[in-house]
Amino acid sequence: DWTMAAFKDEMIAKIRQQVGSAKVICGLSGGVDSAVAAVLLHEAIGDQLTCVFVDTGLMRMNEGREVVDLFRGTYNIPLVHIEAEDQFLGELAGVSDPEAKRKIIGRVFVEIFEREASRIEGAEFLAQGTLYPDVIESVSATGGPSVTIKSHHNVGGLPERMGLKLVEPLRELFKDEVRDLGRELGLPDAFVGRHPFPGPGLAIRIPGEITKQGADLLRKADKIYLDAIREEGLYDAIWQAFAVLLPVRTVGVMGDARTYDQVLALRAVTSTDGMTADTYAFSHDFLSRVSTKIINNCEGIGRVVYDITSKPPGTIEWE
Ligand code: XMP
């Protein structure tokens, strides 16, 4: 009989065989794949594993803290936590082109990760949460079985440059199986079932220039929206839901005064793989309640709109 428990033991044996007594570094992104890879490795090799978590400052409300609490607190896994918000926002200042933002974030991420990883003495392996679909994709993209690095930060070339060998314990798994394995390893359901979140994070949900103030405002509004979705019991029926802070100001009224504040767009889609998507059909009542709550609580946002564009022609993200 095939069970996830037996499969887990098999994978643990394989990791021990590959790694021996060497030290391993694993980058955490805050996402499910890297977290499952890290917890599995920890079960296999204990403190031979050190995790590195680079917090870009572009994650959602409390997300960085949750990752740290989970790994240091619950699992007691050695974790290097780098708070790099200032550096990321500094490098992004004045940049509004979406691809330029992605490149900057990828570059800064690699610089910081490489610096921190090189401080971990005696490391021989870099662990990655590469899944089977990523393996297939990299084969078809390059015409051969190259070890293209799957990472939402595009950490291409990093292991070679650092002289590290790769360990990819999730290489044979699909996303659903990774979730099952995560549960088998005791990761909380709420963590394992999380919506996908892009590596550049809030940077691509603030069209135009990014400021600390904008990121903080978006975090606050996004949390109100996602909390409402959870309270309504809709979270698991949705592939991804998030808010986008638009660089547009519009007129409103508040009491006797005229306001001139930003627009917030809400997005929620259903999908099976992110390649195509449909907008989620919330009730009008739900959307009005969320809109009122956001405007009452988020100073600087004066209007809320709901994005009803499917993919194609729209992408899921706005940038
Ligand atoms: P789009 O917007 O292209 O998104 O329909 C499809 C899926 O990919 C995610 N996405 C990204 N993920 N880095 C990532 O790691 C990125 O630059 C990026 N852009 C989009 C998006 O959230 C959706 O799940």
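Val32 sits in helix α2, which spans residues 32-45. Helices here are DSSP runs of H or I with at least four residues, strands are E runs of at least two, and both are numbered from the N terminus. The model is predicted: local features need pLDDT of at least 70, side-chain atom pairs count only at pLDDT 80 or more, and totals for chains, interfaces and linings use all residues. Residues are numbered from 1 along each chain as its sequence is written.

**The annotated site**

UniProt, in an unreviewed entry, places a "binding site" at Ser29, Gly30, Gly31, Val32, Asp33, Ser34 and Ala35. UniProt positions follow the numbering used here, feature names are shortened, and annotations may be inferred rather than shown by experiment. Ala35 is also found in helix α2.

Are Val32 and Ala35 buried or exposed? A residue is buried if 20 or more other C-beta atoms lie within 10 Å of its own, exposed if 12 or fewer, and partly exposed in between; C-beta atoms are placed from the backbone. Both are buried, because of these counts:

| Residue | Other C-beta atoms within 10 Å |
|---|---|
| Val32 | 22 C-beta atoms |
| Ala35 | 26 C-beta atoms |

Contact means that two C-beta atoms, placed from the backbone, lie within 7 Å. Residues up to four places away in sequence are left out for Val32, which touches Val178, Arg179, Gly182, Val192 and Arg194. With neighbours within four places again left aside, Ala35 is in contact with Leu28, Leu187 and Phe191.

**The sheet**

Five strands form an open parallel sheet in the order β3-β2-β1-β4-β5. Its edge strands are β3 (79-83) and β5 (165-167), each pairing on one side only. Neighbouring strands are turned by 30° against each other on average, direction ignored. Strands pair if DSSP finds at least two bridges between them. Strand β2 (residues 49-55) is joined to β3 by 5 bridges. Cys51 has Leu79 in β3 as its bridge partner.

Helix α5 (residues 98-118) lies across β1 (23-28), β2, β3 and β4 (123-127), and runs at about 150° to β2. Axes are lines fitted to C-alpha atoms, for helices over the stretch in contact, and angles run from 0 to 180 degrees between N-to-C directions.

**The core**

A nonpolar core is a set of buried Ala, Val, Leu, Ile, Met, Phe, Trp, Tyr and Cys residues joined through C-beta atoms within 7 Å. The largest one has 76 residues, of which Val24, Cys26, Val36 and Leu41 touch the most other members. Helix α2 gives the most to this core, with 10 residues.
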